[in-house]
Amino acid sequence: MTQHSNKHHPIRIDLVALLAAFTLFLSTIEYLIPKPVPFMRIGLANLPLMIALGILAPKEYALLALLKFLGQGLVTGTIFSYVALFSLGSTTASACTMYFLYRIGKRWVGMVGIGIAGAMASNVVQLALSRYILFGPGMWLIAPPFLTVGFVTAVLLGLFAQQFVNRSVWYKSKVAS
Amino acid sequence: MKVLKIGDFVIAILSAVLVSLSFLSYGNLSGNPTVHIKSGANEWIYDIVHDRTVSISGPVGSTVIEIIDSRVHVSHSDCSNKVCVAAGWKDSVGEWIICLPNNVFVLIEGDRTPTPGGIDDTAF
């Protein structure tokens with residue numbers, strides 16, 4: 001992880017663009033899955049953010065998170081609606097949570113824990129925004145399905161990401177570069 | 001290489017507790033269910049055992065809600081994607097239907113038992 005120790009390392013646009021394209025593709029897949037409310041996220045597009053934790057510098061990671069937000073807005077056609085606010089809030093919360101958890105506790109926490117923490121942060125922010133912007137106190141009734149779906153998919157995505165990190169030759173080459 | 005670390009289990013257990021606690025928002029599941037319909041600042045509460053059809057006006061038109069045989073569904077909506085109509089029938093406490101484009105929120109709550117005569121047609 002030499003790139004993290006070099007503060008003046010230039011942003012690797014090609015690598016960020018590749019991961020951003022991955023988020024765009026996964027956002028499209030997620031958009032195809034029916035959901036009871038449009039701002040509910042399964043979290044598929046979080047996978048590149050999880051994989052990127054070990055290979056991107058802080059600026060590159062922030063850029064990837066921004067591109068994920070913009071990509072999701074473009075794919076779902078919600079970039080100029082209130083849904084974009086939910087997307088921005090949830091992406092910021094999950095990206096920050098996963099990034100700092102990885103930086104502080106990667107010896108003790110793997111991709112499953114990081115993924116769950118990111119999903120919970122994302123869902124709690126979405127529920128809080130919907131509580132104060134849309135529906136008032138009654139919105140907490142949607143918390144159980146929101147959190148349950150987020151928890152289950154985060155475990156599955158975390159297991160996949162951990163296997164990818166452990167086995168991918170491409171990932172190891174990027175970490176070593 | 002290990003797939004799971006000790007922190008994964010800690011975070012998973014804490015999150016599972018959070019998810020479990022969220023189910024407390026369903027309130028008293030044994031209570032008599034009432035249908036709450038919210039549109040903007042208005043809220044209407046209907047006894048689920050009394051059949052009726054309610055039409056709510058919103059930003060994109062009307063949302064028609066039917067309560068039949070202790071179940072509730074959105075039978076018609078002027079919104080474009082009809083997610084609320086596709087949600088189908090709901091009959092259990094804690095279930096909900098949302099029409100975001102028309103700003104209509106239908107949920108079944110169970111912690112308020114109607115008095116004799118029923119909480120019926122209450123608007124506030």
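This is a predicted model: local features need pLDDT of at least 70, side-chain atom pairs count only at pLDDT 80 or more; totals for chains, interfaces and linings use all residues.
## Overall make-up of chain B

Chain B contains two helices and eight strands. Read from the N terminus, its elements follow the order α-β-β-β-β-β-α-β-β-β.

Of the 124 residues in chain B, 31% are buried. Where contacts in this chain link residues at least 6 apart in sequence, 45% of them join residues at least 24 apart.

## The sheet β3-β4-β5

In chain B, three strands form an open sheet in the order β3-β4-β5, and their pairing is antiparallel. Strands β3 (52-58) and β5 (71-77) of chain B lie at the edges with a single partner strand each, so one side of each has no neighbour in the sheet. On average, neighbouring strands of this sheet are turned by 25° against each other, direction ignored.

The antiparallel pairing of β3(B) with β4 (residues 61-68) of chain B extends over seven bridges. Within β4(B), B:G61 is the bridge partner of B:G58.

## The largest nonpolar core

The largest nonpolar core has 70 residues, of which A:M50, A:A52, A:L64, A:M98, A:I116 and B:V106 touch the most other members. Helix α6 (residues 111-135) of chain A supplies the largest share of this core, nine residues.

The surroundings of A:I116 involve both chains. Apart from neighbours within four places in sequence, A:I116 is in contact with A:F151, A:A154, A:V155 and A:G158 in chain A, and with B:I11, B:A12 and B:S15 in chain B.

Definitions and conventions:
Residues are numbered from 1 along each chain as its sequence is written. Chains are lettered from A and ligands numbered from 1 in the order in which they are written. Two strands pair if DSSP finds at least two bridges between them. Helices (H or I, at least four residues) and strands (E, at least two) are DSSP runs, numbered from the N terminus. Axes are lines fitted to C-alpha atoms, for helices over the stretch in contact, and angles run from 0 to 180 degrees between N-to-C directions. A residue is buried if 20 or more other C-beta atoms lie within 10 Å of its own, exposed if 12 or fewer, and partly exposed in between; C-beta atoms are placed from the backbone. Two residues are in contact if their C-beta atoms, placed from the backbone, lie within 7 Å. A nonpolar core is a set of buried Ala, Val, Leu, Ile, Met, Phe, Trp, Tyr and Cys residues joined through C-beta atoms within 7 Å.
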